[in-house]
Amino acid sequence: MKVAWIGLGRIGKPMAMRVLGAGHALNGHARTPDKHRDLEQAGGHLTASPVDAVADADVVCVNVYSEPQLRAALVESGAIAAMAPGAVVAIHSTVGPAAIAELAAIRSDVAILDAAFSGTDASAAAGTIALMVGGTEAALDKARPVLSAYADFIAHVGPSGAGMTMKLVNNALFGAQMQLAYDALRILVGSGIDKDVAVATLARSSGGSFALGRFGGAGSPEAVMEGVRPYMEKDVEHARIAAREADFDLGMLEIATRPFVTGVTGAIE
(Lines give C-alpha, C1' and ligand atoms only; values in the text may rest on other atoms or scores of the structure.)
Protein backbone atom coordinates (compact mmCIF):
# COMPACT_ATOMS: atom_id res chain seq x y z
CA MET A 1 0.00 0.00 0.00
CA LYS A 2 0.99 3.63 -0.42
CA VAL A 3 1.47 5.17 3.02
CA ALA A 4 2.07 8.75 4.12
CA TRP A 5 3.59 9.35 7.55
CA ILE A 6 3.47 12.75 9.22
CA GLY A 7 5.43 13.07 12.47
CA LEU A 8 8.67 11.08 12.77
CA GLY A 9 9.34 11.55 16.46
CA ARG A 10 10.61 9.14 19.10
CA ILE A 11 7.74 6.70 18.56
CA GLY A 12 6.52 7.77 15.13
CA LYS A 13 9.75 6.90 13.34
CA PRO A 14 10.06 3.30 14.57
CA MET A 15 6.41 2.82 13.59
CA ALA A 16 7.18 4.15 10.10
CA MET A 17 10.26 1.95 9.84
CA ARG A 18 8.10 -1.08 10.63
CA VAL A 19 5.74 -0.06 7.82
CA LEU A 20 8.67 0.03 5.40
CA GLY A 21 9.86 -3.32 6.70
CA ALA A 22 6.44 -4.79 5.94
CA GLY A 23 6.87 -3.89 2.26
CA HIS A 24 4.69 -0.79 2.00
CA ALA A 25 5.76 2.32 0.07
CA LEU A 26 6.15 5.28 2.45
CA ASN A 27 6.43 9.04 2.08
CA GLY A 28 7.37 10.69 5.37
CA HIS A 29 7.24 14.30 6.47
CA ALA A 30 8.88 15.82 9.54
CA ARG A 31 9.79 19.34 10.59
CA THR A 32 13.46 18.30 10.88
CA PRO A 33 14.13 16.08 7.84
CA ASP A 34 17.91 15.99 8.35
CA LYS A 35 17.36 13.86 11.47
CA HIS A 36 15.57 11.16 9.49
CA ARG A 37 17.83 10.27 6.57
CA ASP A 38 17.86 6.68 7.90
CA LEU A 39 14.25 6.43 6.76
CA GLU A 40 15.41 7.10 3.20
CA GLN A 41 18.15 4.52 3.60
CA ALA A 42 15.44 2.02 4.54
CA GLY A 43 13.58 2.71 1.30
CA GLY A 44 11.29 5.56 2.31
CA HIS A 45 11.08 9.07 0.90
CA LEU A 46 11.11 12.36 2.80
CA THR A 47 8.86 15.09 1.43
CA ALA A 48 9.06 18.85 1.72
CA SER A 49 5.47 19.25 2.92
CA PRO A 50 2.51 17.28 4.28
CA VAL A 51 0.72 17.87 0.96
CA ASP A 52 3.54 16.16 -0.91
CA ALA A 53 3.49 13.27 1.55
CA VAL A 54 -0.23 12.48 1.22
CA ALA A 55 -0.46 12.61 -2.56
CA ASP A 56 -1.94 9.30 -3.80
CA ALA A 57 -1.64 7.73 -0.30
CA ASP A 58 -4.01 4.90 0.59
CA VAL A 59 -3.36 5.37 4.31
CA VAL A 60 -2.12 8.50 6.07
CA CYS A 61 -0.70 8.05 9.57
CA VAL A 62 -0.24 11.09 11.79
CA ASN A 63 1.77 11.07 15.01
CA VAL A 64 2.39 14.65 16.11
CA TYR A 65 2.36 15.89 19.70
CA SER A 66 -0.55 18.27 20.12
CA GLU A 67 -3.89 19.41 18.69
CA PRO A 68 -2.38 22.63 17.24
CA GLN A 69 0.30 20.54 15.50
CA LEU A 70 -2.38 18.15 14.22
CA ARG A 71 -4.43 20.98 12.73
CA ALA A 72 -1.31 22.55 11.24
CA ALA A 73 -0.24 19.27 9.65
CA LEU A 74 -3.60 18.31 8.18
CA VAL A 75 -5.77 21.40 7.83
CA GLU A 76 -3.60 24.51 7.64
CA SER A 77 -1.12 22.80 5.30
CA GLY A 78 -3.89 21.77 2.94
CA ALA A 79 -3.09 18.07 3.33
CA ILE A 80 -6.67 16.89 3.90
CA ALA A 81 -7.83 18.82 0.86
CA ALA A 82 -5.07 17.18 -1.20
CA MET A 83 -5.84 13.58 -0.22
CA ALA A 84 -7.24 11.15 -2.75
CA PRO A 85 -10.90 10.15 -2.31
CA GLY A 86 -11.13 6.97 -0.26
CA ALA A 87 -7.96 7.63 1.73
CA VAL A 88 -7.93 6.57 5.38
CA VAL A 89 -6.29 8.82 7.98
CA ALA A 90 -5.11 7.16 11.19
CA ILE A 91 -4.60 9.72 13.96
CA HIS A 92 -2.08 8.38 16.47
CA SER A 93 -1.69 11.73 18.27
CA THR A 94 -3.39 11.92 21.67
CA VAL A 95 -6.04 14.60 21.27
CA GLY A 96 -9.60 15.19 22.39
CA PRO A 97 -12.57 13.46 20.70
CA ALA A 98 -13.77 16.90 19.55
CA ALA A 99 -10.64 17.31 17.42
CA ILE A 100 -11.39 14.00 15.70
CA ALA A 101 -14.96 15.12 14.97
CA GLU A 102 -13.62 18.40 13.57
CA LEU A 103 -11.34 16.56 11.14
CA ALA A 104 -14.00 14.01 10.17
CA ALA A 105 -16.39 16.81 9.17
CA ILE A 106 -14.01 18.29 6.59
CA ARG A 107 -14.41 15.63 3.88
CA SER A 108 -17.00 12.89 3.62
CA ASP A 109 -14.88 10.92 1.13
CA VAL A 110 -11.88 10.61 3.46
CA ALA A 111 -12.19 8.32 6.49
CA ILE A 112 -10.73 9.41 9.84
CA LEU A 113 -9.71 6.78 12.39
CA ASP A 114 -8.75 7.86 15.89
CA ALA A 115 -6.12 5.16 16.29
CA ALA A 116 -4.83 5.95 19.76
CA PHE A 117 -1.90 3.85 20.90
CA SER A 118 -0.31 2.59 24.07
CA GLY A 119 3.37 1.70 24.02
CA THR A 120 6.92 2.98 23.91
CA ASP A 121 9.57 3.49 21.24
CA ALA A 122 10.87 0.01 22.07
CA SER A 123 7.45 -1.60 21.59
CA ALA A 124 6.98 0.36 18.35
CA ALA A 125 10.28 -1.00 17.04
CA ALA A 126 9.26 -4.52 18.12
CA GLY A 127 5.81 -4.26 16.55
CA THR A 128 4.00 -4.67 19.85
CA ILE A 129 2.07 -1.39 20.07
CA ALA A 130 -1.56 -1.61 21.28
CA LEU A 131 -4.12 0.37 19.28
CA MET A 132 -7.57 1.55 20.42
CA VAL A 133 -9.42 2.52 17.28
CA GLY A 134 -12.57 4.57 16.76
CA GLY A 135 -14.24 4.85 13.36
CA THR A 136 -15.88 2.57 10.83
CA GLU A 137 -15.01 -1.09 10.46
CA ALA A 138 -14.54 -0.58 6.73
CA ALA A 139 -11.89 2.10 7.26
CA LEU A 140 -10.13 -0.01 9.86
CA ASP A 141 -10.14 -3.04 7.55
CA LYS A 142 -8.51 -0.95 4.82
CA ALA A 143 -5.83 0.41 7.16
CA ARG A 144 -5.22 -2.85 9.05
CA PRO A 145 -2.35 -4.12 6.83
CA VAL A 146 -0.46 -0.92 7.67
CA LEU A 147 -1.42 -0.72 11.36
CA SER A 148 -0.53 -4.37 11.96
CA ALA A 149 3.05 -3.65 10.89
CA TYR A 150 3.67 -2.05 14.31
CA ALA A 151 0.68 -3.11 16.42
CA ASP A 152 0.04 -6.66 17.64
CA PHE A 153 -3.20 -5.64 19.41
CA ILE A 154 -5.81 -3.66 17.49
CA ALA A 155 -9.13 -3.11 19.25
CA HIS A 156 -12.04 -1.53 17.41
CA VAL A 157 -13.60 0.14 20.44
CA GLY A 158 -16.45 2.01 18.76
CA PRO A 159 -17.42 4.87 16.43
CA SER A 160 -15.38 7.97 15.70
CA GLY A 161 -14.00 9.48 18.91
CA ALA A 162 -14.21 6.26 20.94
CA GLY A 163 -10.52 5.50 20.43
CA MET A 164 -9.47 8.81 21.95
CA THR A 165 -11.94 8.43 24.80
CA MET A 166 -10.43 5.02 25.55
CA LYS A 167 -6.89 6.42 25.39
CA LEU A 168 -7.64 9.41 27.60
CA VAL A 169 -9.23 7.25 30.29
CA ASN A 170 -6.30 4.83 30.01
CA ASN A 171 -3.81 7.67 30.43
CA ALA A 172 -5.77 9.14 33.33
CA LEU A 173 -5.65 5.71 34.98
CA PHE A 174 -1.91 5.51 34.34
CA GLY A 175 -1.43 9.00 35.78
CA ALA A 176 -3.43 8.05 38.86
CA GLN A 177 -1.34 4.92 39.32
CA MET A 178 1.87 6.91 38.89
CA GLN A 179 0.81 9.31 41.62
CA LEU A 180 -0.26 6.49 43.94
CA ALA A 181 3.04 4.65 43.38
CA TYR A 182 4.99 7.86 44.01
CA ASP A 183 3.15 8.49 47.29
CA ALA A 184 3.66 4.88 48.38
CA LEU A 185 7.41 5.19 47.79
CA ARG A 186 7.48 8.54 49.55
CA ILE A 187 6.03 6.89 52.66
CA LEU A 188 8.25 3.81 52.48
CA VAL A 189 11.50 5.68 51.84
CA GLY A 190 10.55 8.17 54.54
CA SER A 191 10.27 5.19 56.87
CA GLY A 192 13.85 4.16 56.11
CA ILE A 193 13.25 1.51 53.44
CA ASP A 194 15.54 1.52 50.40
CA LYS A 195 13.72 2.75 47.30
CA ASP A 196 14.75 -0.12 45.02
CA VAL A 197 13.91 -2.69 47.68
CA ALA A 198 10.51 -1.09 48.07
CA VAL A 199 9.87 -1.13 44.31
CA ALA A 200 10.96 -4.76 43.92
CA THR A 201 8.88 -5.88 46.90
CA LEU A 202 5.72 -4.04 45.87
CA ALA A 203 6.13 -5.35 42.31
CA ARG A 204 5.90 -8.93 43.63
CA SER A 205 2.98 -8.09 45.87
CA SER A 206 -0.67 -7.17 45.43
CA GLY A 207 0.19 -3.47 45.27
CA GLY A 208 2.29 -3.89 42.13
CA SER A 209 1.44 -2.13 38.85
CA PHE A 210 2.94 -1.16 35.50
CA ALA A 211 3.29 2.39 36.81
CA LEU A 212 5.28 1.21 39.83
CA GLY A 213 7.79 -0.42 37.51
CA ARG A 214 8.62 2.99 36.06
CA PHE A 215 10.25 3.91 39.39
CA GLY A 216 12.69 0.98 39.39
CA GLY A 217 16.35 1.29 38.43
CA ALA A 218 18.24 4.50 37.81
CA GLY A 219 16.76 7.90 38.45
CA SER A 220 15.00 9.39 41.42
CA PRO A 221 11.21 9.15 41.75
CA GLU A 222 11.08 12.93 41.29
CA ALA A 223 12.95 12.62 37.98
CA VAL A 224 10.59 9.87 36.82
CA MET A 225 7.56 12.01 37.64
CA GLU A 226 9.00 15.03 35.89
CA GLY A 227 9.73 12.89 32.84
CA VAL A 228 6.09 11.86 32.44
CA ARG A 229 4.68 15.21 33.56
CA PRO A 230 4.41 16.95 30.13
CA TYR A 231 2.46 14.01 28.72
CA MET A 232 0.29 13.56 31.79
CA GLU A 233 -0.56 17.25 32.02
CA LYS A 234 -1.66 17.29 28.38
CA ASP A 235 -3.60 14.03 28.52
CA VAL A 236 -5.24 14.69 31.88
CA GLU A 237 -6.43 18.06 30.60
CA HIS A 238 -7.85 16.42 27.47
CA ALA A 239 -9.56 13.78 29.64
CA ARG A 240 -11.15 16.46 31.82
CA ILE A 241 -12.35 18.44 28.81
CA ALA A 242 -13.79 15.29 27.20
CA ALA A 243 -15.55 14.41 30.45
CA ARG A 244 -17.15 17.86 30.63
CA GLU A 245 -18.22 17.77 26.99
CA ALA A 246 -19.71 14.26 27.30
CA ASP A 247 -21.14 14.95 30.77
CA PHE A 248 -19.52 11.99 32.51
CA ASP A 249 -17.80 11.88 35.87
CA LEU A 250 -14.13 10.87 36.09
CA GLY A 251 -14.67 9.99 39.74
CA MET A 252 -11.52 9.04 41.64
CA LEU A 253 -9.46 9.41 38.46
CA GLU A 254 -9.97 13.16 38.64
CA ILE A 255 -8.90 13.26 42.28
CA ALA A 256 -5.86 11.01 41.84
CA THR A 257 -4.60 12.93 38.80
CA ARG A 258 -5.04 16.36 40.39
CA PRO A 259 -1.27 16.65 41.08
CA PHE A 260 -0.70 16.75 37.32
CA VAL A 261 -2.74 19.93 37.33
CA THR A 262 -1.53 21.49 40.59
CA GLY A 263 1.98 19.99 40.78
CA VAL A 264 3.43 17.01 42.63
CA THR A 265 4.12 17.70 46.29
CA GLY A 266 6.50 15.94 48.61
CA ALA A 267 9.99 14.63 47.91
CA ILE A 268 11.97 11.44 48.38
CA GLU A 269 15.51 12.06 49.50
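**Stop one: a glutamate and its neighbours**

Start by selecting Glu67: leaving out residues up to four places away in sequence, it touches Val95, Gly96, Ala99 and His238, where contact means heavy atoms within 4.5 Å. Before going further, some housekeeping: this is a predicted model, in which local features need pLDDT of at least 70 and side-chain atom pairs count only at pLDDT 80 or more, while totals for chains, interfaces and linings use all residues. Residues are numbered from 1 along each chain as its sequence is written, and side-chain values use heavy atoms, with hydrogens and water left out.

Glu67 sits in helix H4, residues 67–76. Helices here are DSSP runs of H or I with at least four residues, strands are runs of E with at least two, and both are numbered from the N terminus. Is Glu67 buried or exposed? It is buried, at 15% relative accessible area; buried means under 20%, exposed over 50%, and partly exposed in between, using a 1.4 Å probe and protein chains only.

Now show the backbone of Gly96: its nitrogen lies 2.8 Å from a polar atom of the Glu67 side chain. A polar contact is a pair of N or O atoms within 3.5 Å; within protein, one must be able to donate a hydrogen and the other to accept it, and residues adjacent in sequence count only if both atoms are side-chain atoms.

**Stop two: Val95**

Next, click on Val95, in the loop between S5 and H6. Val95 counts as buried, at 0% relative accessibility. Leaving aside residues up to four places away, it touches Ser66, Glu67, Leu70, Ile100, Met164, Leu168 and His238.

**Stop three: a lysine in H12**

Select Lys234, which belongs to helix H12. Which residues does Lys234 contact, setting aside those within four places in sequence? They are Tyr65 and Thr94. A polar atom of the Lys234 side chain lies 3.0 Å from the backbone oxygen of Thr94. Lys234 is buried, with 15% relative accessibility.

Zoom out to the whole of H12, residues 221–246: it has 26 residues and reaches 35 Å from first C-alpha to last, close to the 38 Å expected at 1.5 Å a residue. That expected span is 1.5 Å times one less than the number of residues. Where does H12 bend? Look at Arg229, where the bend is about 45°, with a proline, Pro230, following within four residues. The bend is the angle between axes fitted to the seven residues ending there and the seven starting there.

Asp247 is in the loop between H12 and helix H13 (252–256), and it is exposed, at 70% relative accessible area. For another non-glycine residue with positive phi, jump to Asp56, at about 65°. Asp56 is in the loop between helix H3 (50–54) and strand S4 (59–62), and is exposed at 53%.

**Stop four: the sheet**

Colour the strands: eight of them form an open sheet in the order S3-S2-S1-S4-S5-S6-S7-S8, with mixed pairing. Two strands pair if DSSP finds at least two bridges between them. S3 (45–46) and S8 (151–158) are the edge strands, each pairing on one side only. At the S3 end, strand S2 (25–29) runs parallel to S3 over two bridges, and Asn27 stands opposite His45.

Then select S6, residues 111–118: six of its eight residues are buried, so the strand is largely enclosed by the rest of the structure. S5 (88–91) joins S6 in parallel through four bridges, with Val89 partnered to Ile112. Trace the chain from S5 through helix H6 (97–104) to S6, and you follow a right-handed β-α-β crossover: with the strands pointing away from you, the path from the first strand over the helix to the second runs clockwise. On the S7 (129–134) side, S6 pairs antiparallel over five bridges, and Ala115 is partnered with Val133.

**Last stop: Val146**

Finish at Val146, in helix H8 (137–147). Val146 is buried, at 0%. Beyond four places in sequence, it touches Met1, Val3, Val19, His24, Val59 and Cys61.
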